[in-house]
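Open your viewer, load the model and keep the selection panel at hand. We will go stop by stop, and each stop says what to select and what is there.

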Amino acid sequence: MPVQQLEEAQVPQVLDVIAVRAWCSLALEALGRDRAEIDAINVYPVADGDTGTNLYLTLESAHQAVEAVFAGLEAGPEPAAPALPDVMRAMAHGALIGARGNSGTILAQLLRGMAQVLAADGSGEGDHAEGADAGALRLALGRAAEAAREAVAHPVEGTVLTVATAAADAAAGADGDCRDVVRAAYEGACVALDATPGQLAALGSAGVVDAGGRGLVAVLGALSEAVSGEAAPVRRGHARVEAGSARVEATSARVEAASEACPDPRSDEDGAAGPAFEVIYLLEADDAAVARLRTRLDALGDSLVVVGGDGLWNVHVHVDDAGAAVEAGVEAGRPYRIRITHFGLGDVHATHASAPPRERAQRAVVAVVPGDGLAGLYEEAGATTVPDRPGEPPASGELVDAIRRAHAREVVLLPNDAELRHTAAAAAEQARSEGIRIALIPTRSAVQGIAALAVHEPDRRFDEDVVAMTSAAGATRYGELAVAERQSWTMAGICQAGDVLGLIDGDVAVIGAEVPATARTVLDRMLSAGGELVTLVLGEDVSDELAAGLEQHVRASHLAVDTVVYRGGHQSPLMLIGVE
């Protein structure tokens, strides 16, 4: 077989789970690389310089969801690859719950539209058992563009919607296999992107292409590379710009000048600026309630985008009355993860603002915390908290938001989970780029964070405070009790679903049948090397009697060891144990 034919034979003729996983990783890498450029050309609908960041954070959440599907199956007693429907639904769901801003919300709906087609075509019940073929991919791109337009209350040409439609049209007219379809979609998107300055006055005045469309081109380029194995060619009309380069700075200056020269594209005839707040929340509600919500929010503000379905929605709107937007969500269903952002001083929304920015604190602590009770404990100690929900670890964007909320010149970041080390590192890097002095202490459990907070002294020098907190966290061994969800191999042997697992320093050390006996065994093992203080954080299902029994066990078996007990509250682990 000739070399060229051999190479072509090695490239899958379908979009399978491996290609989707690669697409997700490549898209995240591309958006991370191009984030600064996309932020710099952000003009419409609000020139707030965050489109690239919002797209990156949305894709980061999708990437985490996809990796979780693979990790769950690879960690089982019989490792297996997930099915295409599961991967596509995870990608869409991850984007939905992590969507940021107008652009991120639309991207989430684009992925949902693709998933609606590819999940069905990749179900294994027809001709696409090994993945989605070119025909399914054409349909998926078409459905994605349709779904995005349906989600936006008032679609505007010259935006990401235009680019998505052009990509779908180009794919629909392409012959050949998946490689030909995705390459055509990418090329069609590039052409449409280059035309956006002539379709939207705000873009033409600033001399830039649409930022959301630029992000979608990066995502489609990643899809093309994942399917074909070849990097998509860079078009000179929107070439990549390195973060911090003179070109990014020049583009930002040009956008700023154009924004000052031109009125807000959504201003009324009297020149009044657009709404002052961006409101985003997840919403559990039925279709009928969401239809009523759309009508009410459309009357309150603009830039309304509602995406999702099957009972879970992501709502995004710009309003002057943020409270009314949230109240509308409460009437429709159960809103949560509510984020309200006031468009900052100096952008197009703040031309009439007169209040000066509040003074920054000198130092703050930001911590990821599982459970409402622990969150209250940390907040009483002065920390800004980020919730760590079961199965929904926070993305780096949530950590960055918390760092900004802390509003301090110096920040100590406590991730309190070994799995969040890369996420926390990314958030710290972003914070440093914004001029915040930040120290990341690699705490692996909330009990280590408690130990660090106990010695925190904001009045001493930053480096000294960080060293003391790091030392206290490092001197704290941590344990946890959890219930096994399925049969699995562990360091302590094979566990069955329902077994009580005792983890010490992240590894399963004890497999038991009951919580009290397993907890006592874990305590004894952790205290065998000595200790002065035991910290117990109890979940909702742990009784006061068990807590008292464990305290008595420590007093009776280990002399001169004190015990403190906290309630973890809702969504906290079954039990956390710390030994200092």
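Which residue just after helix 15 takes a positive phi? Select His407: this residue, just after helix 15, has a positive phi of about 55°. We will come back to it after a few ground rules.

**Before we go further**

This is a predicted model, in which local features need pLDDT of at least 70, side-chain atom pairs count only at pLDDT 80 or more, and totals for chains, interfaces and linings use all residues. Residues are numbered from 1 along each chain as its sequence is written, and side-chain values use heavy atoms, with hydrogens and water left out.

Show the whole chain as a cartoon. Its secondary structure comes to 20 helices and 16 strands; helices (H or I, at least four residues) and strands (E, at least two) are DSSP runs, numbered from the N terminus. Of the 580 residues, 53% count as buried. Buried means under 20% relative accessible area, exposed over 50%, and partly exposed in between, with a 1.4 Å probe and protein chains only. Of the contacts in the chain with a separation of 6 or more, 72% are between residues 24 or more positions apart.

**Stop 1**

Select residues 396–406. The buried ones are Ser396, Gly397, Glu398, Leu399, Val400, Ala402, Ile403 and Ala406.

**Stop 2: the core**

Next, select Leu15, Trp23 and Met114. These have the most contacts inside the largest nonpolar core, which has 91 residues. Such a core is a set of buried Ala, Val, Leu, Ile, Met, Phe, Trp, Tyr and Cys residues joined through side-chain atoms within 4.5 Å. Centre on Met114: leaving out residues up to four places away in sequence, Met114 touches Trp23, Met88, Leu137, Ala140, Leu141 and Ala144.

**Stop 3: helix pairs**

Two packed helices are described by the angle between their axes and the distance between the axes. Here the axes are lines fitted to C-alpha atoms, for helices over the stretch in contact, and angles run from 0 to 180 degrees between N-to-C directions.

Select helix 7 (residues 160–172) and helix 8 (residues 178–195). Their axes come within 7 Å and cross at roughly 140°. Helix 7 and helix 8 are therefore oblique to each other: angles under 35 degrees count as roughly parallel, over 145 as roughly antiparallel, 65 to 115 as roughly perpendicular, and the rest as oblique. Among the residues that make the contact of helix 7 with helix 8 are Ala166 and Ala170 of helix 7 and Ala185 and Gly188 of helix 8. The residues of this contact divide into 11 nonpolar, 2 polar and no charged. For these classes, Ala, Val, Leu, Ile, Met, Phe, Trp, Tyr, Cys and Pro count as nonpolar, Asp, Glu, Lys and Arg as charged, and the others, Gly among them, as polar.

To see the contact, show Ala134, Leu137, Arg138 and Leu141 of helix 6 with Cys178, Val181, Val182 and Ala185 of helix 8. By class, that contact has 7 nonpolar, no polar and 1 charged residues.

**Stop 4: a cis peptide bond**

Select Tyr44 and Pro45. The peptide bond from Tyr44 to Pro45 is cis, with omega near 0°. Pro45 sits in the loop between helix 2 (17–40) and helix 3 (51–74).

**Stop 5**

Select Val500, in strand 12. Val500 is buried, with a relative accessible area of 4%. Leaving aside neighbours within four places in sequence, its contacts include Leu481, Ala482, Val510 and Thr518. Draw a C-alpha to C-alpha distance from Val500 to Ala519: they are 9.2 Å apart in space and 19 residues apart in sequence.

Finish at Asp505, in the loop between strand 12 (500–504) and strand 13 (507–512). Its phi is near 50°, a positive value in a residue other than glycine. Asp505 counts as partly exposed, at 29% relative accessibility.

Notes:
Contact = heavy atoms within 4.5 Å.
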